[in-house]
Amino acid sequence: LKQGIRKTDYVGRFGGEEFIIISPETNQENIYNLIEKIRFDIENYHFKNIGKVTVSFGISMLKEKDTASSLLKKADEALYKAKNSGRNKVLIYSEDK
């Protein structure tokens with residue numbers, strides 16, 4: 001993850017197998033492309049003693065009335081939607097259900 005992000009981004013562990021990437025000063029298209037590249041790179045990397053793995057990502061974009069909690073909740077919803085719809089994908093939170 002650290003190799004795939006920009007110098008202005010931050011990455012950290014957010015749980016057992018969950019990580020968070022904070023990407024200031026970006027738009028939805030650029031962050032989607034960045035995260036999709038990271039997903040692709042992970043999918044195509046051979047991890048020692050593990051082999052191939054896949055990952056799912058949920059993205060939320062900061063809106064004016066968001067709090068840290070609401071932003072994380074939206075990213076979590078997108079992540080679980082990605083996992084429940086086939087895994088190994090990047091989904092952006094949408095207000096449209």
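The model is predicted: local features need pLDDT of at least 70, side-chain atom pairs count only at pLDDT 80 or more, and totals for chains, interfaces and linings use all residues. Residues are numbered from 1 along each chain as its sequence is written, and side-chain values use heavy atoms, with hydrogens and water left out.

**Exercise 1. Find which residues of helix H1 are buried, and where they lie around the helix axis.**

Step 1. Locate the helix. H1 covers residues 28-43 and has 16 residues. Helices (H or I, at least four residues) and strands (E, at least two) are DSSP runs, numbered from the N terminus.

Step 2. List the buried residues. They are Ile 31, Leu 34, Ile 35, Ile 38, Arg 39 and Ile 42. Buried means under 20% relative accessible area, exposed over 50%, partly exposed in between (1.4 Å probe, protein chains only).

Step 3. Look down the axis. The buried residues of H1 fall within an arc of 135°, so they line one face of the helix. The arc is that of the directions from the helix axis to the C-beta atoms. On the other side of H1, Glu 29 and Lys 37 are exposed.

Step 4. Recall the general rule. An α-helix has 3.6 residues a turn, so residues three or four places apart point the same way.

**Exercise 2. Describe the surroundings of Lys 74.**

Step 1. Lys 74 sits in helix H2.

Step 2. With a relative accessible area of 9%, Lys 74 is buried.

Step 3. Look for a polar partner. The Lys 74 side chain makes a polar contact with the side chain of Asp 66, at 2.8 Å. A polar contact is a pair of N or O atoms within 3.5 Å; within protein, one must be able to donate a hydrogen and the other to accept it, and residues adjacent in sequence count only if both atoms are side-chain atoms.

**Exercise 3. State which helix gives the most to the lining of the largest pocket.**

Step 1. Count the lining. It has 41 residues, and Leu 1, Phe 19, Ile 20, Ile 21 and Phe 57 lie nearest the pocket's centre.

Step 2. Name the helix. H2 gives the most, with seven residues.

**Exercise 4. Describe phi and exposure at Asn 49.**

Step 1. Asn 49 is in the loop between H1 and S3.

Step 2. Read phi. Asn 49 has a positive phi, near 70°, though not a glycine.

Step 3. Check exposure. Asn 49 counts as exposed, at 77% relative accessibility.

Note on methods
The expected span of a helix is 1.5 Å times one less than its number of residues. On a 1 Å grid over the protein atoms alone, a cavity is a set of points where a 1.4 Å probe fits but cannot get out, and a pocket is an open set with protein on both sides within 12 Å along at least five of seven lines; lining residues have an atom within 4 Å of a point. Contact means heavy atoms within 4.5 Å.
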